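Trainee: Could we go through this model together before I set anything up? I would like to start with the overall layout and then get to the pockets and the charged residues.

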Amino acid sequence: MGRGWAGMGEAVDRVYRVEIIPLPGQAQNDYLLSDIAALGIQGVDRVVRYDLFFLRGNLTEAEVGRLRDELLVDPVVQRAEWHLAGDESPVPPGAVRVEVGLLQGVTDSVADNLSERARLLGMTGLRAAASAQGYLLFGALSSDEVHTIARRLLCNDVIQHYELG
C-alpha cells in the first residue's frame with residue numbers, strides 16, 4: 001500500500017481518497033445533458049460532478065478529518081467521504097464513474113495550495129496531494145458512449161487523463 005519502515009517504529013505512508021460531493025439540490029440538474037445530447041448520445045438522465053483529492057503521507061484519521069473539514073468541504077452545500085485509496089469506492093446503482101486527473105508533470109495548483117495550507121495548520125505528515133474531478137453518469141450507456149463523453153466533454157487529453165470505474 002505505501003512506503004515506510006514498518007516494524008522499526010516509523011509510520012507507513014498511506015494514500016487517502018477524499019470525495020467532496022454536492023448535497024441534493026446543490027448541483028445543476030441538467031449539468032452537461034445538452035452537451036451529451038449534442039454528441040448524439042441519448043439515455044443520460046443526469047450527471048453529478050464532484051471534487052476528488054488524494055492525500056499521501058503519515059496522517060492520522062483525525063488529521064485527514066481536519067483537512068476535510070477545514071480545507072476541503074463546505075458543509076452547507078457539500079458532504080465528504082474518505083477512505084484509504086486502495087479500498088473499494090462504490091458506484092451508485094445505475095451510474096458509471098469517470099474520474100479525470102492531471103497528467104504527470106502538469107502543475108496541480110489546487111493540490112499545491114492544499115499542501116501549503118496543511119503545513120500552516122501544523123500537519124507536517126502530508127507528503128503529497130493531488131486533485132481530480134469525478135463524474136457520475138446516470139442512465140443507460142454503452143462503454144463506447146461513456147468513453148466518447150469522457151474524451152469529448154470531460155477530459156482535455158493535452159493535460160489530463162481519465163479512468164472509468
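Mentor: What follows goes from the overall fold to the pockets, the cores and the salt bridges.

Mentor: Keep in mind that this is a predicted model, in which local features need pLDDT of at least 70 and side-chain atom pairs count only at pLDDT 80 or more, while totals for chains, interfaces and linings use all residues. Residues are numbered from 1 along each chain as its sequence is written, and side-chain values use heavy atoms, with hydrogens and water left out.

Trainee: Fine. How many helices and strands does the protein have?

Mentor: There are four helices and six strands, where helices (H or I, at least four residues) and strands (E, at least two) are DSSP runs numbered from the N terminus. Read from the N terminus on, the order of the elements is β-α-β-α-β-β-α-β-α-β.

Trainee: And what does the C-alpha trace span along its principal axes?

Mentor: The span is about 55 × 30 × 30 Å. Of the 165 residues, 34% count as buried, with buried meaning under 20% relative accessible area, exposed over 50%, and partly exposed in between, for a 1.4 Å probe and protein chains only. Taking contact as heavy atoms within 4.5 Å, 80% of the contacts between residues at least 6 apart in sequence join residues at least 24 apart.

Trainee: Pockets next. Which residues lie nearest the centre of the largest pocket?

Mentor: Those are I21, R46, V48, R79 and L136, out of 24 lining residues. The pocket holds about 480 Å³ of space. On a 1 Å grid over the protein atoms alone, a pocket is an open set of points where a 1.4 Å probe fits, with protein on both sides within 12 Å along at least five of seven lines, and lining residues have an atom within 4 Å of a point. Grid points are joined across faces, edges and corners, and the volume is the space filled by probe spheres set on the points.

Trainee: Which element gives the largest share of that lining?

Mentor: That is β2, with four residues; the elements that each supply at least two are β1 (14-22), β2 (44-57), β3 (78-84) and β5 (126-139). By class, the lining has 13 nonpolar, six polar and five charged residues, where Ala, Val, Leu, Ile, Met, Phe, Trp, Tyr, Cys and Pro count as nonpolar, Asp, Glu, Lys and Arg as charged, and the others, Gly among them, as polar.

Trainee: What about the second largest pocket, how many residues line it?

Mentor: It is lined by 18 residues, with G101, L102, A130, S131 and H161 nearest its centre. Two or more lining residues come from each of β2, β4 (95-102), β5 and β6 (160-164). The space in this second largest pocket is about 320 Å³, and its lining divides into nine nonpolar, five polar and four charged residues.

Trainee: Switching to packing, which residues have the most contacts inside the largest nonpolar core?

Mentor: V98 and I149 do, in a core of 15 residues, a nonpolar core being a set of buried Ala, Val, Leu, Ile, Met, Phe, Trp, Tyr and Cys residues joined through side-chain atoms within 4.5 Å. Helix α4 (143-154) is among the elements giving two or more residues to this core, together with β2, β4 and β5, and the largest share, four residues, comes from α4. Leaving aside neighbours within four places in sequence, I149 is in contact with I36, L39, I41, V44, L137, L141 and L154. A second, separate core of 14 residues includes V64, V73, A118 and M123.

Trainee: Now the charges. How many salt bridges are there?

Mentor: Eleven, each being a side-chain nitrogen of Lys or Arg within 4 Å of a carboxyl oxygen of Asp or Glu. R17 pairs with E19 at 2.9 Å, N to O, and also with E99, where the closest N and O atoms are 2.2 Å apart. Since R17 lies in strand β1 and E99 in strand β4, the R17–E99 pair ties together parts that are 82 residues apart in sequence.

Trainee: Is E99 buried or exposed?

Mentor: E99 is buried, at a relative accessible area of 15%, and R97, which meets E99 in a salt bridge at 3.8 Å, N to O, is buried at 3%. Shared partners join R17, E19, R97 and E99 into one network.

Trainee: Then what does E19 touch?

Mentor: Not counting residues up to four places away in sequence, E19 touches Y50, D51, L52, R79, A80, E81, S89 and R97. E19 is found in strand β1 and is buried, with a relative accessible area of 6%.
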